[in-house]
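Student: I am new to this one. Could you take me through it step by step?
Tutor: Gladly; let us look first.

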Amino acid sequence: MTRWAMTLDVDLCLGCEACIVACSAENEVPVGQFRTRMRTTTVGTFPNLRTEFRVESCFHCADAPCIDVCPTGATYQTADGIVLVDPAKCTGCKACVTACPYGMRYVHRDGWVDKCTFCEHRLAAGRQPACVQTCPTGARVFGDLDDEADPINDALVKARSVSVVNPDTGANPHLFYLNSQFTNGPSERLETT
Amino acid sequence: MDSTEISVVGNNEGVTPVLESWDWTVAGYLFIGGLVGGLMIFAGYFMLRKKREFDRGLRIADLAGLPLLALGLALLFADLSNKENAWRFFTTFRPSSPMSWGSWILAVATVLLGLRFIRHHRLLPWDLPQSVIRLLDRVTRWTDTIARPVAGASMVVGTSLALYTGFLLSTITARPIWDSGLLPPLFLISGIASAGAFLCLWLESEAHRKLAPLSVSLCLVELALLFTYLATVRSPGSFGPDLLTTGSFAGWFWALVVFGGLLIPVTLEISEIRHWVSQRVAQIAPYLKLAGAAGLRFVVLFAGLESIL
């Protein structure tokens, strides 16, 4: 069984925004709209300050609240854990936009709701998501949590800390931040396998 | 650890930093849905009681129900950003989605309200072809043979409709201020109270006076539910009930919903029952209650969009 997930090592992220550009280009995201966003945060107390870049996109939550509220089945989860939207079924009711605790969905200019797909079309061709491939420092690792030999599990084990954004939502996000000192909510070491 | 957010690149308009996914059209629909649900409950009750004094109230509920529901559906349709797929609501049923339940409840409500509406077709301001009139009369005679089931169904579907407007919000746990099991009963009682107020606008003063004790009781139950909801809503603090009671929505909440929509009307109705004020003065009460019921939906909806975990 495959369980796709992504890690982002905050120590390695330069905040260059190449992932945001690659995502928009790869997925033809309309100008002015974004599937990926970057928060720049200063952590600590002067003079011991550190800047963290936290790049966020759909977390492909294992218990995604956006799926349950969708009235037409346009939002669904694949067997390998990717949360997708079928534009042909989407009515634009925006229940999923409202239900997403992370604000990761938006209404595409063409009316349907859009978000990160983990570049599902590239995965089908055996390629990595565009943001992962373009990252100049290798801050992102994408892989299968259920495959012990996959580099993502190595990255998770070796990290000083593993956290997700606001675990209180109970959504069980599948984008893990490595070595971060800040999350929007309690940070905790997570069991990922 | 102390942290300060310096900048965010990649915000989507209407999502971050401020969620504006639903607007006044949805709030308006929540109000109208509750009102129509309440009217269906009253209509079913009037049909079952078969008392002459309820005839006018039943006719008003029959005539107003379908146009009001059509207005509510128009508001819902206006909110859809991908309107060409609106038919998809009726090709699937997803038990986990309150909106899916709502679609089917609305479909059944439309049929029931339609059956009640067409019996008054002679009151319509335009001439219908004779063939259509004969058809409508036949349908009316048929519905008369199943009057009790229609009345029962009207009450059940009306209750479901008003409850669902609350479930639509309460099942979205990402918005702490909506995450309460008390929102559906609150919206149900508010819907019945607003339907009573709507009927009072059209009833003679004597019938109005007869409805007053029921109206007072509904308002008091609604007040109790409202404050229990505020006291028990899951997430306390600035993203919870404080948004309503002391935060950016406090003015509207206290002035329009609590005082204007509940306390003042209740006081006026009690005064009317006890003959402390003239009926003319007490006639303001239904207008205030309708404004308060609408205000409740607007305030809860918009506060919810600001309320984050």
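Student: In which loop of chain A is A:Glu17 found?
Tutor: This is a predicted model, where local features need pLDDT of at least 70, side-chain atom pairs count only at pLDDT 80 or more, and totals for chains, interfaces and linings use all residues. Residues are numbered from 1 along each chain as its sequence is written, chains are lettered from A and ligands numbered from 1 in the order written, and side-chain values use heavy atoms, without hydrogens and water. Helices (H or I, at least four residues) and strands (E, at least two) are DSSP runs, numbered from the N terminus. A:Glu17 is found in the loop between β1 and α1 (18-26) of chain A.

Student: What is phi of A:Glu17?
Tutor: Most residues other than glycine have a negative phi. A:Glu17 is not glycine, yet its phi is positive. The value is near 70°.

Student: Is A:Glu17 buried, exposed or partly exposed?
Tutor: Buried means under 20% relative accessible area, exposed over 50%, and partly exposed in between (1.4 Å probe, protein chains only). A:Glu17 has 28% relative accessibility. That counts as partly exposed.

Student: Where is A:His60, and what is its phi?
Tutor: A:His60 sits in the loop between β3 and α2 (65-69) of chain A. Its phi is positive, in a residue other than glycine. The value is near 45°.

Student: Is A:His60 buried or exposed?
Tutor: The relative accessibility of A:His60 is 1%. The cut-off for buried is under 20%. So A:His60 counts as buried.

Student: How many residues of strand β1 in chain A are buried?
Tutor: Strand β1 of chain A covers residues 4-9. The strand is mostly covered. The count of buried residues is 5 of its 6.

Student: Which strand runs antiparallel to β1(A)?
Tutor: Two strands pair if DSSP finds at least two bridges between them. Here 5 bridges join β1(A) to its antiparallel partner, residues 140-144. One bridge pairs A:Ala5 with A:Gly143. The partner is strand β8 of chain A.

Student: Which strand pairs with β1(A) in the parallel sense?
Tutor: This pairing has 4 bridges and involves residues 175-178. A:Thr7 has A:Phe176 as bridge partner. A:Asp9 has A:Leu178. The parallel partner is strand β10 of chain A.

Student: What is the strand order in this sheet?
Tutor: The sheet is open and has 4 strands. Its pairing is mixed. The order is β8-β1-β10-β9 in chain A.

Student: Which strands stand at the edges of that sheet?
Tutor: An edge strand here has a single partner strand, so one side is left without a neighbour in the sheet. In chain A, the two are β8 and β9 (162-163).

Student: Which peptide bond in chain A is cis, and where does its proline lie?
Tutor: Most peptide bonds are trans. The cis bond has omega of about 5°. A:Pro47 lies in the loop between β2 (37-45) and β3 (48-56) of chain A. The bond joins A:Phe46 and A:Pro47.

Student: What elements make up each chain?
Tutor: Chain A has 6 helices and 10 strands. In chain B, the order from the N terminus opens with β and goes on with α. Chain B comes to 11 helices and 1 strand.

Student: What radius of gyration does chain B have?
Tutor: The radius is taken over C-alpha atoms, and the globule rule is 2.2 Å times the number of residues to the power 0.38. With 309 residues, a compact globule would be near 19 Å, and chain B agrees. Its radius of gyration is 21 Å.
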